[in-house]
Amino acid sequence: MQAAVALLLLLLTSRSALAQTMPAEFVDAATVVDGLVVDVRYFGADNFVGTRIDGYEAPRCLLTRRAALALTAAQRDLARRGLGLKVLDCYRPTRAVAHFARWARDLADVARKADYYPDVDKRDLFRLGYIAERSGHSRGSTVDITLVRRAAGSDPDMGTRFDFFSPKSWPSDISVGKPARRNRALLAAAMARAGFQAYDKEWWHFTLLNEPFPASYFDFSVR
């Protein structure tokens, strides 16, 4: 009986997800932000789960138009220093968030522990806030983003890798080197001037202050 109920819920969820289409207010940010580098980590296996994440069917950065236009200001700001923006994640379907939660509850899967959470017991990922049941990314105006050198196309030192579950990833952390602290500050300042608010636990995470869907969590696929 329980198995039948679980199957029914899965089918209903799948049909609901398939029925969703991208709202007209969303755009492909790469078509709006000139020179934006797109490296969507959840489309491939280079992430803390170690596999492509549910809902990512293409390596695209989908955002609300308002968020994408705000990124253009940050891109112009950084261009004066020979820098640009590289997005690592943008809109995130709610089914992807559910995929993270399932992974976090599978305590036997620690394949990427050494790379992403070497000092954290996987049982503590929810308690410490590294994994959550909901994500602001699903509202379409939050980005995970880093810097890139425009001429060389290389990544400046940011102190930790993206999605590194550690206080070393906090923007306020002073244990990383001076170049990393300087680069984090440059990124945060440019994003703030463009209208984004930083997250105090992840140097790469920014949310548009006047986001158009503050209470809506979408589940259309990234395609």
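# Helix crossing, aromatic cluster and selected residues

D163 has a relative accessibility of 5%, so D163 counts as buried (under 20% relative accessible area is buried, over 50% exposed, in between partly exposed, with a 1.4 Å probe and protein chains only). This is a predicted model, in which local features need pLDDT of at least 70 and side-chain atom pairs pLDDT 80 or more, while totals for chains, interfaces and linings use all residues. Numbering runs from 1 along each chain as its sequence is written, and side-chain values use heavy atoms, without hydrogens and water.

**Backbone at D163.** The residue sits in the loop between strand 5 and helix 5 (helices are DSSP runs of H or I with at least four residues, strands runs of E with at least two, numbered from the N terminus). The phi of D163 is near 65 degrees. That is a positive value in a residue other than glycine. Most residues other than glycine have a negative phi. The loop between strand 5 and helix 5 also holds I174. Is I174 buried or exposed? At 68% relative accessibility, I174 counts as exposed.

**Helix 2 against helix 5.** Helix 2 covers residues 65–79 and helix 5 covers residues 178–193. Their axes come within 8 Å and cross at roughly 135 degrees (axes are lines fitted to C-alpha atoms, for helices over the stretch in contact, with angles from 0 to 180 degrees between N-to-C directions). The two helices are therefore oblique to each other (under 35 degrees is roughly parallel, over 145 roughly antiparallel, 65 to 115 roughly perpendicular, and the rest oblique).

Which residues of helix 2 and helix 5 meet? Helix 2 supplies L71, A74, D77 and L78. Helix 5 supplies L186, A190, M191 and R193. Contact here means heavy atoms within 4.5 Å. By class, six of these residues are nonpolar, none is polar and two are charged (Ala, Val, Leu, Ile, Met, Phe, Trp, Tyr, Cys and Pro are nonpolar; Asp, Glu, Lys and Arg are charged; the others, Gly among them, are polar).

**Aromatic pairs.** Rings of Phe, Tyr and Trp (its six-membered ring) pair if their centres lie within 6.5 Å; planes under 30 degrees apart are stacked, over 60 edge-to-face, and the rest tilted. The count comes to 19 aromatic pairs. In one of them, the rings of Y42 and F48 have centres 6.3 Å apart and planes at 85 degrees, so the pair is edge-to-face. Y42 is buried, at 1% relative accessibility. F48 is buried as well, at 2%.

Y42 also pairs edge-to-face with F100, at 5.0 Å centre to centre and 65 degrees between the planes. Y42 lies in the loop between strand 2 (37–38) and strand 3 (62–64), and F100 in helix 3 (residues 94–105), so the pair ties together parts that are 58 residues apart in sequence. F100 is buried, with a relative accessible area of 5%. Y42, F48 and F100 belong to one aromatic cluster, along with Y56, W103, Y117, Y130, F162, F165, W203 and W204.

**Contacts across the sequence.** The partners below leave out residues up to four places away. D28 lies in strand 1 (residues 26–28). Its relative accessibility is 16%, which makes D28 buried. D28 touches R60, C61 and L62.

Two prolines are partly exposed. P118 is in the loop between helix 4 (113–116) and strand 5 (142–149), with 34% relative accessibility. P118 is in contact with K113 and F164. P212 follows strand 7 (202–208) and has a relative accessible area of 29%. P212 is in contact with T64, R66 and S141.

C-alpha separations for four residue pairs:

| Pair | Separation in sequence | C-alpha distance |
|---|---|---|
| D28 and R60 | 32 residues | 6.8 Å |
| P118 and F165 | 47 residues | 8.2 Å |
| P212 and S141 | 71 residues | 7.8 Å |
| I174 and G159 | 15 residues | 9.8 Å |
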